[in-house]
Amino acid sequence: MTTEKQAAMNRLSTETGKISALAIDQRGALKKMMNALGMDATAEQISEFKTLVSSELTPFASAILLDPEYGLPAANARDEQAGLLLAYEKTGYDATKPGRLPDLLEDWSALRLKIAQADAVKFLLYYDVDEDPAINHVKHVFVERLGSECAGEDRPFYLELVSYDATITDSNSIEYAKIKPHKVIEMMKEFSRPNYKVDVLKVEVPVNMNYVEGFATSETCYTQVEAQEFFKEQSEATNLPFIFLSAGVSTKLFQETLVFAHKSGSDFNGVLCGRATWKDGVKAYVESGRAGAIDWLQTTGRANIEELNEVVEQTATPWYEKA
């Protein structure tokens, strides 16, 4: 990394070099959460909730990930010690075309995100290692462009990878769980190649913990030994710093997963944790407005993030040991 990138990484990390960041760059997903609870959410309400999360929880996070569409007021409301990542992708994908192809926010560039005080640029890519090579070629070239753009602005490039299978509609099914380790590990290998100029990978854990022996409530598809081997293999698949996303699981399960990963020999470098920290605060906001959300964030939300910080500190390794 360049000197400027290293300085930005330090702003995004704890004093011990671990990334304990909060993610609330959801747009369509957050609106759906609010709507499901009976609120016909406006852009102003989505922005206000993000701002409340930022102002109340960033004093306890090393950084926050936001989107420039609804999240700039939240970026300005964050604690002065918290770093800032800004998302560069459009929310969701065009389901009418094969391949879940990526697209960028039209009004933004890496330069403009840098001007908006982003310490790093984040991009989300859906990727199936077994899909049509022509589709994956388009994605490879796309990420190469992004990596070069971020390098040109001397900003760390965080690539968020979400696996899928083009032939399986339910990514939470046991059918997908059986092939998930292959999907996650192989895509990490691909995007660790130097031509992409990725600085940090934001990735899923390599198994669905709901099907791991000892964690599952019903059927299983991995023993604990098998799951540990997949975590170790994932860690060895990249020479880049990598952090885990929470993927919407419960706070408790995400924390247990980090402990399990550490015991498995994974040298992950932290987390970018979203809904596992703040999702129940949406209900408080919808039912009780701004005051209800603040109360929830100052109590349960703060407890969630402080408990997660303790786990990260005990289980993650410093990013600079890899970079």
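**Exercise 1. In what order do the eight strands of the closed barrel run, and with which pairing, parallel or antiparallel?**

Solution. The model is predicted; local features need pLDDT of at least 70, side-chain atom pairs count only at pLDDT 80 or more, and totals for chains, interfaces and linings use all residues. Residues are numbered from 1 along each chain as its sequence is written, and side-chain values use heavy atoms, with hydrogens and water left out.

Step 1. Strands are DSSP runs of E of at least two residues, helices runs of H or I of at least four, both numbered from the N terminus. Two strands pair if DSSP finds at least two bridges between them.

Step 2. The order in the closed barrel is 1-2-3-4-5-6-7-8, and the pairing is parallel. On average, neighbouring strands of this sheet are turned by 25° against each other, direction ignored. Axes here are lines fitted to C-alpha atoms, for helices over the stretch in contact, and angles run from 0 to 180 degrees between N-to-C directions.

Step 3. Phe242 in strand 7 is the bridge partner of Leu201.

**Exercise 2. Across which strands does helix 6 lie?**

Solution. Helix 6 (residues 133-152) lies across strand 4 (120-127) and strand 5 (157-163). The helix runs at about 175° to strand 4. Contact means heavy atoms within 4.5 Å.

**Exercise 3. Classify the ring pairs Phe215 with Phe260 and Phe244 with Phe268.**

Solution. Step 1. Rings of Phe, Tyr and Trp (its six-membered ring) pair if their centres lie within 6.5 Å; planes under 30 degrees apart are stacked, over 60 edge-to-face, the rest tilted. The whole structure holds 13 aromatic pairs.

Step 1. Phe215 and Phe260 are edge-to-face, because their planes stand at 85°, with centres 5.5 Å apart. Phe215 lies in the loop between strand 6 and helix 8 (224-236), and Phe260 in helix 9 (residues 251-263), 45 residues apart.

Step 2. Buried means under 20% relative accessible area, exposed over 50%, partly exposed in between (1.4 Å probe, protein chains only). Phe215, at 21%, is therefore partly exposed, whereas Phe260, at 6%, is buried.

Step 3. Phe244 and Phe268 form a tilted pair, with 4.9 Å centre to centre and 40° between the planes. Phe244 is in strand 7 and Phe268 in the loop between helix 9 and strand 8 (270-273), 24 residues apart. Phe244 is buried at 0%, and Phe268 is buried at 0%.
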